[in-house]
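This report looks at a pocket, a helix and a set of charged contacts in one protein model. Please keep the sequence and the 3D view at hand while reading.

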Amino acid sequence: IAARAHTEDAPFHEALRAERETLHALLRQDAPDLDAVLKQADAVGAAETALHKRRLETLLAVRAVLTPEQRQGLVKIFEEKRKRMFGGGGPPPPPE
């Protein structure tokens, strides 16, 4: 399921990359047109939403074939990954 989703999600990733690049190009202009920037921001948002929905579809497809015990294991994997990515709760305290 995951391998198929990776292949099928590629166009969604590419669409998002292209929409972001278009937005960045607009913002690099000396005097970007506000309406054009906002319209492109909507396009970026739509591409992000489409990709997010694809990820949710994949998650639900995986969950549908797992036992309750396997789902618990998957939850733990995601929690550990989230901790590694985002740390334990913020930046370190300032030096004394």
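## The largest pocket

What volume does the largest pocket have? In this predicted model, the volume of the largest pocket is about 460 Å³. Its lining is made up of Ala2, Ala5, His6, Asp9, His13, His52, Arg55, Leu56, Thr58, Leu59, Val62 and Phe78, and these residues divide into 6 nonpolar, 4 polar and 2 charged.

Helix 1, covering residues 2-28, and helix 2, covering residues 34-65, each supply at least two residues of this lining. Helix 2 gives the most, with 6 residues.

In one of them, Arg54 pairs with Asp9, and the closest N and O atoms are 2.9 Å apart. Because Arg54 lies in helix 2 and Asp9 in helix 1, this pair ties together parts that are 45 residues apart in sequence.

## Partly exposed salt bridges

Arg20 forms a salt bridge with Glu48, with 3.0 Å between the closest N and O atoms. Since Arg20 lies in helix 1 and Glu48 in helix 2, the pair ties together parts that are 28 residues apart in sequence. Arg20 counts as partly exposed at 37% relative accessibility, and Glu48 counts as partly exposed at 35%. Elsewhere, salt bridges that share partners join Arg4, Glu8, Asp9, Arg54 and Glu57 into one network.

An α-helix has 3.6 residues a turn, so residues three or four places apart point the same way. Glu14 is partly exposed at 40% relative accessibility, and Arg17 is partly exposed at 47%.

## Helix 3 and the residue after it

Helix 3 runs over residues 68-86, a stretch of 19 residues, and reaches 27 Å from its first C-alpha to its last, which is close to the 27 Å expected at 1.5 Å a residue. What follows helix 3? The helix is followed by Gly87, whose phi is positive, near 75°.

Methods. Residues numbered from 1 in each chain as written. Predicted model: local features only at pLDDT ≥ 70, side-chain atom pairs only at ≥ 80, totals over all residues. Heavy atoms only, no water. 1 Å grid on protein atoms, 1.4 Å probe; cavity = no way out; pocket = protein on both sides within 12 Å on 5 of 7 lines; lining within 4 Å. Points joined across faces, edges and corners; volume = space filled by probe spheres on them. Helix = DSSP H or I, 4+ residues; strand = E, 2+ residues; numbered from the N terminus. Nonpolar A, V, L, I, M, F, W, Y, C, P; charged D, E, K, R; others polar. Expected span 1.5 Å × (residues − 1). Salt bridge = Lys/Arg side-chain N within 4 Å of Asp/Glu carboxyl O. Buried < 20%, exposed > 50% of the residue type's maximum accessible area, 1.4 Å probe, protein only.
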